Amino acid sequence: MSDFLPDDINRYCFIDTETLSGADLKATGIYPYSEDPDYRVMIVTYAIGDGPVQIWKQDAAHLGGRLHWHDAPDDLLAHLDRVERGAAWFVAWNAAFDRLALSRGIDGYDAKPDHFLDAMVQAVRSHLPPDLASAGKILRTEIQKRPNGKRLIQQFCVPPFADPAEHPDDWRDFCDYALDDIPPMRTIWQATMPLTRREWEQYWASERVNDTGMPVDVDFAQAASDLAEENARRANADITRLTEGKIQTVHQHEALCNWVLDRVDHLPEAKAILLREVVEEQEEEGDGVIKLEKHSLERTRVEDLIAYLERLDGEQGLTDAEWDVYQVLQVRAYGASATPRKFTKLLPMVSSGDRLRGQYVFNGAAATGRFSSRGLQIHNLTRSTVGDQNTELDVINQVLDRVPFGVLAKRGPVGRTLSRLIRPVFVAPPGQTMIWADYSAIEARVTPWLAEGFGGGVVLDVFYENDRDPLLPDIYKRQAGSILGKDPNDVTKAERQSHGKVPVLSLGFGGGKGALFNMARAYGASFTDAEAGAIVNKWREVNGWARAYWDDTWETALWCMHNPGQPRAVGLHLTYIYLPEYMHGTLVCLLPDGRPLLYPVIKWEERERKDKLTGKVDVKQQLTYRRGYGRAALWYGTLVENAVQAVAGSLLRHAIWSLNADWPQLVVGHTHDEVIALCNTQDAAAGRKALENAMLDLPPWAKGLPVACEATQSLYYTKTID
């Protein structure tokens with residue numbers, strides 16, 4: 001796609017605002033912050049095109065004074081008129097903040113998402129950091145943030161709001177500070193690769209989702225928040241009891257780790273799960289070196305050890321000491337976890353109409369262009385439930401009725417119960433229904449589609465057959481059957497999960513045992529090291545097309561770097577090219593929809609790599625690129641994974657954009673591959689159909705990609721029904 005916005009710089013006004021509010025921006029996010037009664041805009045700085053930086057300000061905001069657009073400078077008013085006619089745009093860094101400021105903090109202008117472009121979105125796509133000061137420093141822009149900026153913000157923007165007349169020198173510095181943001185933002189905008197018009201249309205659709213927001217059951221959130229706080233207090237008492245007073249809190253990490261190690265010393269695999277690294281230290285006497293094992297009770301290791309002990313219990317039972325460890329790990333996992341306290345975090349973020357708004361960052365994942373999530377992190381909500389829907393409703397009612405803690409504890413750790421009730425906090429208002437649908441196994445479909453020229457079409461045929469006849473064994477059963485040497489029809493539900501779904505979702509990007517273990521954790525599966533190795537080897541044997549695709553992708557990337565400016569295709573859908581002049585040398589992957597993935601400042605460099613289990617340090621040449629605040633290694637697994645996730649992300653972007661055009665305000669949220677909508681109950685059937693159509697009606701560039709989804713509806717958001 002080559003349709004870009006006009007390149008006439010005078011169509012763009014680079015703009016920034018300084019505001020005051022009685023709300024805590026960090027705790028609430030921009031929507032409740034901008035709804036506070038004290039919310040005002042103190043300063044607007046702007047530059048139209050390459051013109052000088054201008055300032056429009058007031059010094060009575062702390063007294064309730066407000067700016068009004070009819071008093072704005074003539075050039076700014078003229079640009080606003082062009083913006084409202086669709087002939088020009090405002091450009092801001094984290095543009096939603098300034099869009100709300102110019103609309104809610106100043107009288108006389110109803111700012112729309114399509115009036116604004118976000119310089120941060122464009123910069124992050126080139127792997128620049130998401131904060132202006134750091135991005136400007138990397139590009140060596142002339143003006144940087146002043147070191148006293150934070151103090152001045154605290155002085156003028158936060159209650160009790162200093163009076164500029166009483167602090168004239170600081171106010172002058174604050175105005176100068178406000179002027180500083182425009183030049184680096186403009187430089188970054190002009191130095192980075194522009195997004196296409198369609199991408200900006202998708203950004204505007206995303207901002208409308210942010211404006212609409214997810215409906216929240218505030219009463220349930222408050223009750224769950226109170227329960228989460230009580231759970232945190234009780235967790236410390238449980239740890240004290242279970243360790244017979246040796247440890248008093250779940251946050252005594254080292255002491256708790258040592259307590260667990262003492263009781264699993266006879267289980268080598270358990271100790272290996274907790275092993276973080278091996279370090280070498282000089283002997284106190286003599287010239288010898290000793291190796292010390294460092295262990296950890298970080299969350300993923302706790303989850304792995306719980307899964308291992310549950311497997312051990314099923315196979316041979318647990319001793320009393322092992323059972324004590326299991327109980328302590330449960331308390332550690334759900335008493336120290338921040339997940340139950342998401343309810344507490346959520347409450348100040350709820351804005352007018354009991355909606356959670358502003359949760360999504362367009363292009364937030366720089367490597368793929370997928371959405372990222374801020375605030376409550378809706379993208380990371382667990383899929384686990386407390387049971388079927390009837391059970392879930394019973395537990396929700398118990399929380400709302402504030403039953404005694406011990407009643408809920410009968411179901412298991414209360415922290416675990418709460419962590420599985422985050423989704424149901426989103427409830428349709430009276431007279432409305434929530435609808436959602438996610439793409440079925442989308443990454444498992446996109447990978448062989450990209451690898452069609454290498455034999456991936458065989459896997460696509462499985463999806464086509466299964467979509468036509470869901471009674472046939474699906475891809476997970478077939479892969480499990482191949483790995484286990486069984487007829488797919490005889491594969492059990494547990495085997496489908498452990499030997500089918502887990503390897504299919506984890507091994508398609510060149511990963512090995514580590515990738516398998518990480519995915520197994522997410523699905524509650526457990527493997528020994530030997531079992532994991534056998535699964536990896538068998539999956540690669542069965543899926544030879546994947547290996548061929550990985551190799552060609554890597555060979556193409558290296559060829560492009562040796563042949564600057566010359567494109568080369570990988571398979572039928574991707575093209576790579578190396579641009580030596582952009583960002584000191586950038587490898588570009590052109591996706592099927594024309595969107596580029598960028599790997600800037602790419603180069604070979606020597607990097608040390610320490611084997612955490614042996615302590616051995618190797619130095620090897622690796623291809624690296626600039627990523628955010630640092631650098632990251634690049635290999636064929638990264639290239640393939642990024643391309644697959646980016647294509648899946650493009651499908652989601654397209655669906656949201658399409659729905660926004662046909663059903664405005666239907667979409668209220670989304671996760672990685674799922675769209676969440678809200679409509680009037682009487683329109684639920686039409687809403688479901690619209691959602692399914694938008695997700696299944698593929699753009700021309702996705703021809704031949706088998707996709708499937710089915711919309712679900714309920715009065716609240718849940719994973720108990722699919």
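This is a predicted model: local features need pLDDT of at least 70, side-chain atom pairs count only at pLDDT 80 or more; totals for chains, interfaces and linings use all residues.

Q: How many aromatic pairs does a search of the whole structure find?

A: The search gives 24 aromatic pairs. One of them joins Tyr-12 and Trp-189, with 6.1 Å from centre to centre and 50° between the planes, which makes the pair tilted. Tyr-12 belongs to strand E1 (residues 12-20) and Trp-189 to helix H9 (residues 182-191), so this contact ties together parts that are 177 residues apart in sequence. Both Tyr-12 and Trp-189 are buried.

Q: And which parts of the chain does the pair of Phe-454 and Tyr-549 link?

A: Phe-454 and Tyr-549 form a tilted pair as well, 5.6 Å centre to centre with 55° between the planes. Phe-454 sits in the loop between helix H20 (442-450) and helix H21 (457-468), while Tyr-549 is in helix H26 (residues 544-562), 95 residues apart. Phe-454 is partly exposed, at 23% relative accessible area, whereas Tyr-549 is buried at 1%.

Q: Which residues form one aromatic cluster?

A: Tyr-12 and Trp-189 come back here: they form one aromatic cluster together with Phe-14, Trp-89, Trp-200, Tyr-203, Phe-362 and Phe-371.

Q: Now the cysteines. How many disulfides does a search of the whole structure find?

A: Zero disulfides turn up in the whole structure. Cys-157 is in none, and the nearest cysteine sulfur, that of Cys-175, is 11 Å away. Cys-157 is also buried, at 6% relative accessibility.

Q: Last topic: what is the order of the open sheet of three strands?

A: First the general idea: strands of a sheet pair through backbone hydrogen bonds, parallel or antiparallel. In this case the order is E20-E21-E22, with antiparallel pairing. Strand E20 (603-610) and strand E22 (630-634) are the edge strands, each pairing on one side only. Neighbouring strands are turned by 60° against each other on average, direction ignored. E20 and strand E21 (residues 617-627) pair over eight bridges, and Arg-609 has Asp-618 in E21 as its bridge partner.

Q: At what angle to E21 does H26 run?

A: H26 runs at about 70° to E21, lying across E20, E21 and E22. H26 is also the helix that holds Tyr-549.

Conventions
Residues are numbered from 1 along each chain as its sequence is written. Side-chain values use heavy atoms; hydrogens and water are left out. A disulfide is a pair of cysteine sulfur atoms within 2.5 Å. Buried means under 20% relative accessible area, exposed over 50%, partly exposed in between (1.4 Å probe, protein chains only). Rings of Phe, Tyr and Trp (its six-membered ring) pair if their centres lie within 6.5 Å; planes under 30 degrees apart count as stacked, over 60 as edge-to-face and the rest as tilted. Helices (H or I, at least four residues) and strands (E, at least two) are DSSP runs, numbered from the N terminus. Two strands pair if DSSP finds at least two bridges between them. Axes are lines fitted to C-alpha atoms, for helices over the stretch in contact, and angles run from 0 to 180 degrees between N-to-C directions. Contact means heavy atoms within 4.5 Å.
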